Amino acid sequence: MADHRILLLGPPGAGKGTQAKRLTAEYDLDHITTGDALRQNKDMETEYGTPGEYMDAGELVPDPVVNEIVVAALEEADGFVLDGYPRNLDQAEFLSEETDLDHVVFLDVPEQELVDRLTGRRVCDDCGANYHVEFDRPEEEGVCDECGGELIQREDDTEDTVRERLRVYRENTEPVVEHYRDEGVLVEVSGEGTPDEVFGRLRDVVEN
Ligand code: ADP
Ligand code: ADP
Ligand code: ZN
């Protein structure tokens, strides 16, 4: 079976990370996520300052820093799920020069639901797995089901920073969604319902 090259688009909180994890397990793909890579290098000194300065404010990290992460990850991957990149039109153009995509999927979730999902999100400090205090609770409060790590709240998942991230999304990333729609390659999938329901829809897209 050919490897899949899947791009998952959607606003912050749409469920990209949650679904990318399932897709990578089901189809044996690499998970390429600029958000996780940047979090692991939050304090790295670059000529633009550290990634953490941008992330904690809800702003985009400068393109050269994220492009470098993506190039390195693509070199290692055959099949992949790309999540959190591209976030503006320049990144989309850069990506098109680096690789071809088999599926470009947009996860659609209404804005109020996004705020509830993000402010209730908890992540494993060790393996990065996502949980939610209401919608996706771990078996034991505060402990990761997968690795036993501690669940924490991301510094940018506070209400004010969430609002700013959604603004940045509308300004910079919605044009990316439009770009793929104009090219005729965008598949839109509802991101509402349970994670299992959403995953079923994604499987249909990937296998058809
Ligand atoms: P979410 O899962 O909520 O969409 P991410 O984990 O993808 O958030 O991203 C967290 C932060 O990392 C962003 O707010 C931004 O500061 C930075 N970041 C992630 N990906 C990119 C990117 N492609 N370009 C610029 N900044 C990025
Ligand atoms: P993204 O990577 O797009 O920012 P995440 O996958 O991290 O989104 O999901 C954001 C939050 O919403 C997490 O707390 C996650 O547990 C929760 N979540 C994910 N999918 C669903 C869903 N279908 N219904 C309710 N909550 C969800
Ligand atoms: Zn974990």
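The buried residues of helix α6 (residues 111-119) are covered by elements including β5 (121-124), β6 (130-132) and α7. This is a predicted model, in which local features need pLDDT of at least 70, side-chain atom pairs count only at pLDDT 80 or more, and totals for chains, interfaces and linings use all residues. Residues are numbered from 1 along each chain as its sequence is written, chains are lettered from A and ligands numbered from 1 in the order in which they are written, and side-chain values use heavy atoms, with hydrogens and water left out. Helices (H or I, at least four residues) and strands (E, at least two) are DSSP runs, numbered from the N terminus.

- In α6, Leu114, Val115, Arg117 and Leu118 are buried, where buried means under 20% relative accessible area, exposed over 50% and partly exposed in between (1.4 Å probe, protein chains only).
- Looking down the axis of α6, the buried residues fall within an arc of 165°, so they line one face of the helix; the arc is that of the directions from the helix axis to the C-beta atoms.
- α6 and helix α7 (residues 159-183) pack at about 135°, with axes 10 Å apart; axes are lines fitted to C-alpha atoms, for helices over the stretch in contact, and angles run from 0 to 180 degrees between N-to-C directions.
- α6 and α7 are therefore oblique to each other (under 35 degrees counts as roughly parallel, over 145 as roughly antiparallel, 65 to 115 as roughly perpendicular, and the rest as oblique).
- The crossing of α6 over α7 is right-handed: a crossing is right-handed if the near helix is turned clockwise from the far one by less than a right angle, and left-handed if anticlockwise.
- On the α6 side, Glu111, Gln112, Leu114, Val115, Leu118 and Thr119 meet Glu159, Val162, Arg163, Arg165, Leu166 and Arg170 of α7, with contact meaning heavy atoms within 4.5 Å.
- Sorted by class, the contact of α6 with α7 has five nonpolar, two polar and five charged residues (Ala, Val, Leu, Ile, Met, Phe, Trp, Tyr, Cys and Pro count as nonpolar, Asp, Glu, Lys and Arg as charged, and the others, Gly among them, as polar).

**Two other helix pairs**

- Helix α4 (residues 63-76) and helix α5 (residues 89-98) pack at about 25° with axes 11 Å apart, and are therefore roughly parallel.
- α4 and α5 make a right-handed crossing.
- Asp63, Val66, Asn67, Val70, Val71 and Leu74 of α4 meet Asp90, Gln91, Phe94, Leu95 and Glu98 of α5; that contact divides into six nonpolar, two polar and three charged residues.
- The axes of α1 and helix α8 (residues 195-207) come within 10 Å and cross at roughly 50°, which makes α1 oblique to α8.
- α1 also passes α8 in a right-handed crossing, and the contact splits into seven nonpolar, two polar and five charged residues.

- Most residues other than glycine have a negative phi, and most peptide bonds are trans.
- The peptide bond from tyrosine 85 to proline 86 is cis, with omega near 0°, and proline 86 sits in the loop between β3 (80-83) and α5.
- Aspartate 28 has a positive phi, near 55°, and lies in the loop between α1 (16-27) and β2 (30-33).
- Aspartate 28 is exposed, at 68% relative accessible area.

**Asparagine 172**

- Asparagine 172 belongs to helix α7 and is partly exposed, at 23% relative accessibility.
- Asparagine 172 and asparagine 88 are 84 residues apart in sequence, but 4.9 Å apart in space, C-alpha to C-alpha.
- Leaving out residues up to four places away in sequence, asparagine 172 touches Leu60, Arg87, Asn88 and Leu89.
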